[in-house]
Structure formats: C-alpha cells, structure tokens
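Subject: Handing over a structure

Dear colleague,

I am passing on a structure for you to look through, and below it I have written down what was found. Please keep it open beside the text while you read.

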Amino acid sequence: MRHLNRRVAIVGAAMSKFGINYPKLRSIDMWQEAWINAVKLTDKGISPKVIDEFFLGNFTADLFNHQGHMAPQMADLVGMTPKPASRFEGACASSGIAFRQGVMSIASGVNDVVCIGGVEQMNELNTEGVTGALAAAADTTYEYYAGATFPGLYAAIANAHFHKFGTTPKDLWNIAIKAYENGHENPFAQEQHTLKEIMELKKNKAIKRGKPVPEWKDEYEFLASRSNPMIAYPLRLFDCSLITDGAACVFLASEEEAYKYTDNPIWVSGIGQGSASLSLHDRKGGLLTGINATKEAARQAYEMSGMSPKDIQIAEVHDCFTIAELVALEDLGFYEPGKAAAAIARGETKRDGVRPINTSGGLKTKGHPVGATGVGQIVEIFKQMRGIAERNRQVKKDLKVGMTHNVGGSGATVVVNIFTKEKI
Amino acid sequence: MSEENDMVTVDKYFKFLSEKKLMGSKCPKCGNIDLPPRRLCSKCQTESEWVPLSGKGVLKTFSSIYVGAKAMTQKGYNRKKPYVFAVCEMEEGCSVSGQLIGVEEDKPESIPFEMPVQAVYLKTQTGTDKEGNPIYRWDVGFEPLK
C-alpha cells in the first residue's frame with residue numbers, strides 16, 4: 001500500500017494578494033510578498049538557511065514573460081541558494097505537482113525542511129495573448145485546429161453533463177454566486193465584490209453614461225442576461241475563472257523538525273496524482289462527464305490517509321470553470337454522478353454547509369494565476385484548519401480533515417492532497 | 001512498400017488528410033483502431049498499421065464557441081458568428097476532435113447529441129513559405145450525415 005516513509009507537516013503557508021498586479025508587481029515582487037507572508041504565518045519563524053530544497057510551480061513564464069529557469073531566480077531572491085532549486089510544470093497543476101515532489105522528498109529522508117512555491121504573472125499579455133499561451137496546455141497537434149479553447153473544452157464536458165444528467169445553467173450559477181460570496185470575505189482575492197454589488201456597479205455605470213438602466217430581479221436574472229455573454233455554449237463569462245497574477249508559498253518539515261517552527265503542524269496525510277490523455281477525445285471509455293485523473297489521484301490520497309469522501313470536512317477544488325467544480329465534487333466521491341447539482345442548490349457547499357467548498361472564493365473569484373493555484377489552495381486549507389481565515393469566511397467548526405484538488409489542462413494532470421490536524 | 005505500410009507518423013496522417021483520406025491506425029494484435037493514429041496501439045502498445053476509416057460516426061459532445069481560438073478567428077469566426085468544436089466517435093470505435101459544420105452554430109440547443117456525422121476535410125492557412133506562397137494544413141471536420 002502507498003504510504004509516506006515518515007510524517008510530513010505544513011509549518012507555514014501564505015500567498016501574495018492575487019489580482020491584476022502587473023505592471024505594479026511582477027513575479028519577483030509577488031513571490032517575495034508570498035514568502036514574507038508565509039514566514040509571518042510560521043509561528044516560531046523560519047530562516048531560508050534551514051531550507052534543504054526549493055520546489056517551484058510555474059506553468060509558462062516562458063510564454064507569458066519570456067522568462068525560463070525561474071526556480072533559482074526565485075530561490076536567490078529569498079536567500080535559499082545554493083540549495084537545490086527546480087521548477088515543475090503541469091499546466092494549471094504545476095505547483096500541485098511541485099508540492100507532491102516536496103512531500104516525497106521529506107518522506108524519503110532526502111530532505112528535512114523544504115519550501116514549495118508557485119508563481120505566475122499573466123496580465124503582461126492581453127486576453128488574446130493569454131488565451132494563446134494557455135492553449136499550450138491542450139493538445140496543439142489535434143485539438144487546437146479543431147477550434148478547442150479552454151472554455152470550449154470545459155463547455156464540451158458541461159454539455160455532455162447537461163445531456164446525461166439534466167444539469168442546467170442555473171445549477172452552474174449557484175456555484176458562481178457562492179464563489180462571489182466567498183471572494184467577498186477574502187482580502188487576498190482578485191474579485192471581492194459580491195454579484196449583487198457587481199450588478200449595482202453596472203447599473204450605476206449605465207446611469208452615468210445616460211444609457212437605459214438594466215433591471216434584474218435577482219442574480220439569476222442578471223446571469224441569464226446579455227450582461228453575461230456566452231463564451232462557449234453552455235458556459236458564459238461568469239462561469240469562467242479570472243486572469244490573475246499571484247504567488248504562494250508553503251513550508252514543509254519532517255515530524256522531527258516540525259515543532260521547531262510551530263506547535264500546531266498540519267499533517268500531510270495523503271497525496272495522489274493522476275494522468276490522462278492530453279486531448280479530451282482520447283479519454284478512454286468515452287468519459288466526457290467527468291475527469292478520470294481526479295478519480296485516480298483521489299483514490300491514492302484516500303488510500304494513503306485511510307480516509308473516505310465522508311471524512312473530508314472542507315475542500316478547495318479546481319473550479320477553473322463552474323462546471324469543473326461540479327464534476328470535481330462527483331469525481332472526488334462527495335456525490336454520486338449527477339447528484340452534485342441538487343446538493344449545491346441545497347447549500348451543502350456553502351461556508352455554513354455540511355462540507356464547505358472553495359471558501360477562498362476559488363479560482364473563480366480568488367483568481368487563477370495558473371502556476372500558483374495549487375499552492376494557493378493549500379494556503380486556504382492551512383488557514384481554515386488553523387482557524388485564521390480572514391474576515392467572515394472562517395468555517396465555524398473544528399476542521400480536522402481538509403482536501404485540495406488541483407487540475408492541469410482539461411484533466412490530463414490532477415493532484416489531490418488530504419490534510420489532517422491529528423497524526424494518523 | 002505501399003504507403004499503407006509506412007510507419008505511423010503525424011506528418012503522414014496530415015498528408016493523407018490533404019488527399020481527403022481519413023486514415024487511422026489498427027493494431028495487428030488486438031484489432032483496436034486509433035484516431036488520431038498512433039504508432040503504438042492505445043490498448044496494448046503493439047506497433048500499429050495504417051487503416052482507412054469510413055468517416056462515419058456520431059456526435060458525442062460539442063460546444064458552440066463565441067470567443068474562439070486564433071486559428072478560427074482568423075477564418076472570420078467571432079461573437080456573432082460562432083463555430084462548433086465537436087468530439088465525434090467513429091463507427092470503428094475511436095474518437096477525435098473536429099469542427100462541426102453544416103449546423104446552426106448560433107442555435108446550439110438545436111444540435112442533437114448522437115447525431116450521425118460524416119468526415120469533411122478542412123483547410124487552414126498556417127503561414128507562408130519563403131516565396132510568399134501560402135502554407136496550408138488539413139484537418140478532419142464533421143458535417144451531419146447526408
């Protein structure tokens with residue numbers, strides 16, 4: 001059975017503010033901000049000199065910023081050189097992969113204390129440029145010239161899900177509305193307005209411009225209106241995550257070393273990673289209503305931790321699109337296929353629900369700086385399990401078991417982690 | 001050696017498409033057919049051989065895309081004129097992505113799942129050569145079966 005040869009703990013974790021930070025802040029600046037914040041959230045402090053190795057997740061600074069070879073660059077900025085520094089790439093799961101490698105390096109005995117980073121600076125390019133760079137995470141040989149875009153690939157998954165299970169746009173909008181409610185409570189999020197506030201802003205803008213003022217009864221009517229244009233049927237603008245600059249940082253230590261940095265480590269109790277064909281059309285078994293690599297990654301993490309879906313009290317799942325959150329809840333085993341939409345409508349995934357999902361606001365409102373996203377998710381679970389989540393988003397119960405789920409591309413790479421307050 | 005016995009490569013697949021031939025790869029051991037073709041069978045990893053496909057299949061899923069890939073916006077598709085990205089399963093059992101034409105792209109609700117389709121061959125200019133002549137690539141696409 002898969003297991004870690006020794007226990008691994010998170011002793012500190014934090015992120016930079018996510019947002020449209022470029023040109024005011026670049027990768028270099030955001031990474032140092034994330035590092036400083038993570039040192040602050042390490043109870044007894046931590047020095048770069050104790051770090052044995054640095055693992056960096058970055059999807060494609062090569063295409064976004066004409067910068068390769070970023071791991072030593074980032075390591076040097078915070079004083080980790082001459083220790084080993086490597087970059088990992090798995091599209092939007094880049095820092096999820098880096099994290100897993102860091103965990104395994106401690107479990108194996110090679111390292112005692114490591115730093116995992118994630119960084120991406122996307123807004124240097126315009127939307128067309130970003131879309132083009134992100135397209136490199138799909139199959140350029142066969143999918144791209146068939147017209148595939150990332151919204152288009154997830155829209156094809158959504159359409160198949162609608163067809164098979166009767167899922168509706170409203171089911172997806174419930175996910176979006178929750179994301180805005182949570183982002184509103186996260187000072188590190190890119191989008192901190194609720195949807196109602198966004199609707200008011202749009203009305204005020206219309207008044208200022210002397211244009212007819214739109215009247216929407218509620219969020220659903222707004223989301224069904226022309227103000228929420230179709231991007232790739234059935235997905236509209238407010239079904240999509242954001243184009244974000246940001247960085248995140250986490251410190252891991254072996255059980256022997258962990259208490260030097262904190263009296264309350266969060267244990268990494270299960271890790272898993274799965275893969276699948278890069279292109280959607282090659283997913284064997286015709287599975288177009290979910291992501292198989294999620295099932296594999298989750299299977300490994302559940303097995304390693306001895307946990308099952310019902311044990312998971314809180315999760316950050318990869319909601320690059322609203323449909324991605326819905327299928328994640330089914331693929332992770334929280335709900336039977338086709339049953340997640342009704343549970344979401346009942347409020348089960350809200351902050352006060354039975355299993356809060358994406359309390360950070362998720363990729364949808366916290367933002368999605370692709371290479372930093374995996375570690376950014378871990379930061380939220382760390383804060384929630386420690387009881388230090390800002391504003392009103394702290395879940396008001398003792399969170400003993402949390403999960404993160406990080407997807408690359410349309411599901412070719414998936415990383416799942418399970419965290420526990422107690423040693424298991 | 002006939003061309004059907006050539007090694008399975010991406011370039012050869014595209015050359016067949018430019019001749020309006022849809023060629024997959026067939027495993028001599030387990031009989032599995034892959035499209036796009038693969039040198040190694042996707043089921044048992046045996047070295048595969050070229051096999052002509054009927055071009056007939058069904059629509060498994062799709063999206064009408066309003067904010068398109070650059071390769072498509074260059075062809076004139078835009079928010080007012082969306083195109084359809086589709087995944088179709090061929091009658092030989094393999095699946096492939098392609099543009100679906102001959103449907104009402106701006107009425108995606110009207111496009112039926114499991115609709116029978118047939119292959120079409122679509123040309124895209126990808127650049128120009130040294131003399132300024134256009135360079136094209138050919139892709140498989142689909143239209144409703146007539």
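**The two domains of chain B**

Chain B is divided by its domain assignment into domain 1, which covers 3-52, and domain 2, which covers 56-144. Please bear in mind throughout that this is a predicted model. The C-alpha centres of domain 1 of chain B and domain 2 of chain B are 21 Å apart, and the two domains meet through 10 residues of domain 1 of chain B that are in contact with 11 residues of domain 2 of chain B. On the side of domain 1 of chain B that touches domain 2 of chain B, at least two residues each are supplied by helix H1 (10-18) and strand E2 (33-34) of chain B, and the largest share, three residues, comes from H1(B). Sorted by class, that side of domain 1 of chain B has six nonpolar, two polar and two charged residues.

**A sheet in chain B**

Strand E2 of chain B also belongs to an open sheet of three strands, which follow the order E2-E1-E3 in chain B with antiparallel pairing. E2 and strand E3 (49-52) of chain B stand at the edges and have a single partner strand each, so one side of each is left without a neighbour in the sheet. Strand E1 (residues 23-26) of chain B is joined to E2(B) by two bridges, and these two strands run antiparallel; within this pair, B:Lys26 stands opposite B:Ile33 of E2(B).

**Where chain A meets chain B**

Between the chains, 28 residues of chain A are in contact with 29 residues of chain B. The elements of chain A that give two or more residues to this side are helix H5 (127-134), helix H6 (150-165) and strand E5 (230-232), and H6(A) gives the most, with seven residues. By class, the side of chain A that touches chain B has 16 nonpolar, 10 polar and two charged residues.

**A helix pair in chain A**

H6(A) also packs against helix H12 (residues 322-331) of chain A, at an angle of about 55 degrees and with the axes 9 Å apart. H6(A) and H12(A) are therefore oblique to each other, and H6(A) passes H12(A) in a left-handed crossing. The contact is made by A:Tyr154, A:Ile157, A:Ala158 and A:His161 of H6(A), together with A:Ile323, A:Ala324 and A:Val327 of H12(A); by class, it has six nonpolar residues, one polar residue and no charged residues.

With best wishes

Conventions: Residues are numbered from 1 along each chain as its sequence is written. Chains are lettered from A and ligands numbered from 1 in the order in which they are written. This is a predicted model: local features need pLDDT of at least 70, side-chain atom pairs count only at pLDDT 80 or more; totals for chains, interfaces and linings use all residues. Two residues are in contact if their C-beta atoms, placed from the backbone, lie within 7 Å. Helices (H or I, at least four residues) and strands (E, at least two) are DSSP runs, numbered from the N terminus. Ala, Val, Leu, Ile, Met, Phe, Trp, Tyr, Cys and Pro count as nonpolar, Asp, Glu, Lys and Arg as charged, and the others, Gly among them, as polar. Domain bounds come from an automatic or database domain assignment. Two strands pair if DSSP finds at least two bridges between them. Axes are lines fitted to C-alpha atoms, for helices over the stretch in contact, and angles run from 0 to 180 degrees between N-to-C directions. Angles under 35 degrees count as roughly parallel, over 145 as roughly antiparallel, 65 to 115 as roughly perpendicular and the rest as oblique. A crossing is left-handed if the near helix is turned anticlockwise from the far one by less than a right angle, and right-handed if clockwise.
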